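Hello,

Here is the structure I promised you. Please open it next to this email and follow along.

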Amino acid sequence: VIIKSNGKAEQVGLVPQPKSSCPDDRGSAELSNVTSGANSSYGLVWNPDRNRMILSSRAAHNSDSAGRTTSIEYSTTLGTDTATHKSVSNFVGSSTSKNTSIAYDPDTDQTIIAYRLNSDVYVSLMSLDSSDNITYGNRSAVATSVNPDNIRVVYDTNSNRVIIIWRNGGDNKMYARAGIANATTNGDVGSFGTTIAIETHT
């Protein structure tokens, strides 16, 4: 408490102060041309097991291109450039990947990558070792011939479920399907449940 000039006590509290502008920090934590291709369709997660940012992207100069993940170190002790590129690896080498989305699975220390391959929805698990080597499990088909124009993935740590949602480019409806992440064999997503249509409007 504080004692006011009239002799009464008053509890101390936080008093928000206005700020005229946000600090300009564009000079730090900036990565430029980490690969030779143009990157698009981003997804970004934090890997607390390796203290790395994991970026998923579609990398090329055309609409259909290779899908890849990039390991990025971030540290406030690196000086002005607080982010540095560590490694990159394609999860789809052929030029047929679109719409990447990623989530982190803290139960198995893997990154979950959902993406479009040709006209299908696929999911892969990516592992990162202490030397920043990237490895992938087997590619698993979530839905086929759906022409997805948007894909999202999340992880439910309470029940070890990978949940993928996509918009079907043919009927313009949203769909969802869940699977289980496997860390003990190939690092795959399997045991998929039934695909469910999501009611987004009436």
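Which residues does Val-121 touch, not counting residues up to four places away in sequence? Keep in mind that this is a predicted model. The list for Val-121 runs as follows: Tyr-115, Ser-140, Ala-141, Val-142, Ala-143, Val-146, Pro-148, Ile-151, Ile-164 and Trp-166.

Now the core. Val-121 belongs to the largest nonpolar core, which has 18 residues. Val-121 is also among those with the most contacts inside that core.

Next, look at E11 and E12. They pair in the antiparallel sense, over eight bridges. Tyr-155 stands opposite Val-162 in E12. The two strands form a hairpin, and four residues sit between them. Find Asn-160 in that turn: its phi is positive, about 55°.

Last, the whole chain. It has 15 strands and zero helices. Of its 202 residues, 38% count as buried. Take the contacts with a separation of 6 or more: residues 24 or more positions apart account for 41% of them. The accessible surface comes to about 11,600 Å². Carbon and sulfur atoms hold 47% of that surface.

Best wishes

Terms used. Residues numbered from 1 in each chain as written. Predicted model: local features only at pLDDT ≥ 70, side-chain atom pairs only at ≥ 80, totals over all residues. Heavy atoms only, no water. Core = buried A, V, L, I, M, F, W, Y, C linked by side-chain atoms within 4.5 Å. Buried < 20%, exposed > 50% of the residue type's maximum accessible area, 1.4 Å probe, protein only. Contact = heavy atoms within 4.5 Å. Pairing = 2+ DSSP bridges. Areas by Shrake-Rupley, 256 points an atom, 1.4 Å probe, with all protein chains shown as cover.
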